[in-house]
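Hi,

Here is the structure I promised to pass on. Have a look at it first, and then read my notes below.

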Amino acid sequence: SLVGDSFSIGHEVVDILVGLLALVISFGFTAIVMSKLPLTYSGFFIALIALSFFGGIYSQKGLAKKMGFQSRYVLTKLGLLLTLIMTIAPFKFLSPGTVIIPEIYLMTKKQQGWVSAISPSLNIFLGAVYVFLGWLLPYPNIALLFVNGAFFCSQIALLSLIPFFGSSGKRVLRWNPIIFTVLLILGLGIIVGSTLLGILVWNIG
């Protein structure tokens with residue numbers, strides 16, 4: 001885990017929903033207070049966050065299961081605390097928990113790399129789609145919704161790529177430095193693109 005100190009409230013679904021709530025609180029502040037996203041769009045915004053969050057978790061779990069390994073999402077004390085503390089910051093620590101694979105030491109380096117890369121890859125893809133929609137749509141508020149979604153996805157992806165010991169980023173880097181670099185560049189591109197597009201849309205609106 002990036003931050004360690006994992007714990008569980010109960011059933012895995014409960015942990016996932018608590019993690020989602022923490023992300024909605026933390027990033028919702030940025031979207032609504034800082035970027036002036038109308039409250040009427042909050043349901044759609046939560047759906048974008050949920051798609052990114054659930055997609056990242058279940059893509060990892062699904063790939064691990066296909067490889068024959070069990071996994072579970074758990075919360076982490078420091079991760080949950082930092083996610084909530086950084087609510088007022090423009091850039092977030094969006095990692096209230098992590099997917100753990102108890103027998104990850106039995107995986108090959110390639111298997112570890114694939115499982116670790118799939119979540120940031122998915123979020124980079126979603127972020128790119130949201131940037132495109134934000135640029136394409138002529139309605140400022142809807143465009144702002146997708147720009148915020150792209151900003152969220154890019155931060156999730158980049159955080160998971162930080163190559164700390166035992167992190168997903170470290171496993172991707174150890175497996176294939178080229179893929180790691182490509183994902184990192186794409187993630188940075190989306191976060192810069194969504195920021196610039198957000199400023200443009202905000203000024204137009």
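What follows is a quick tour of the pocket, the sheet and the helices.

First, the ground rules: this is a predicted model, so local features need pLDDT of at least 70 and side-chain atom pairs count only at pLDDT 80 or more, while totals for chains, interfaces and linings use all residues. Residues are numbered from 1 along each chain as its sequence is written, and side-chain values use heavy atoms, with hydrogens and water left out.

**The pocket**

The largest pocket has a volume of about 590 Å³. A pocket here is an open set of points on a 1 Å grid over the protein atoms alone, where a 1.4 Å probe fits, with protein on both sides within 12 Å along at least five of seven lines; lining residues have an atom within 4 Å of a point. The volume is the space filled by probe spheres set on the points, which are joined across faces, edges and corners.

There are 32 lining residues, and Q60, G97, T98, V99 and S168 are the closest to the centre. By class, the lining has 15 nonpolar, 16 polar and one charged residues (nonpolar is Ala, Val, Leu, Ile, Met, Phe, Trp, Tyr, Cys and Pro; charged is Asp, Glu, Lys and Arg; the others, Gly among them, are polar).

Which elements each supply at least two residues of that lining? They are α2 (42-66), β2 (72-76), β3 (97-100), α4 (109-136), α5 (140-160) and α6 (168-175). The most comes from α4, with six residues. Helices (H or I, at least four residues) and strands (E, at least two) are DSSP runs, numbered from the N terminus.

**The sheet**

Three strands make an open sheet in the order β1-β2-β3, with antiparallel pairing (two strands pair if DSSP finds at least two bridges between them). β1 and β3 stand at the edges with a single partner strand each, so one side of each has no neighbour in the sheet.

Between β1 (residues 6-7) and β2 there are two bridges: S6 has T76 as its partner, and F7 has L75. Four bridges join β2 to β3, and V74 stands opposite T98 in β3. T98 is also among the residues closest to the pocket centre. Four of the five residues of β2 are buried, so this strand is largely enclosed by the rest of the structure (buried means under 20% relative accessible area, exposed over 50%, partly exposed in between, with a 1.4 Å probe and protein chains only).

**The helices**

α4 has 28 residues and spans 40 Å from its first C-alpha to its last, close to the 40 Å expected at 1.5 Å a residue (the expected span is 1.5 Å times one less than the number of residues). There is a kink of about 30° at I118 in α4, shortly before the proline P120; the bend is the angle between axes fitted to the seven residues ending there and the seven starting there.

α5 has 21 residues and reaches 30 Å, close to the 30 Å expected. Of its 21 residues, 17 are buried, so α5 is largely enclosed by the rest of the structure.

α2 has 25 residues and reaches 35 Å, close to the 36 Å expected. After α2 comes G68, whose phi is positive, near 95°. K65 is found in α2 and is exposed, with a relative accessible area of 61%. In contrast, T30 in helix α1 (residues 12-34) is buried, at 7%.

Cheers
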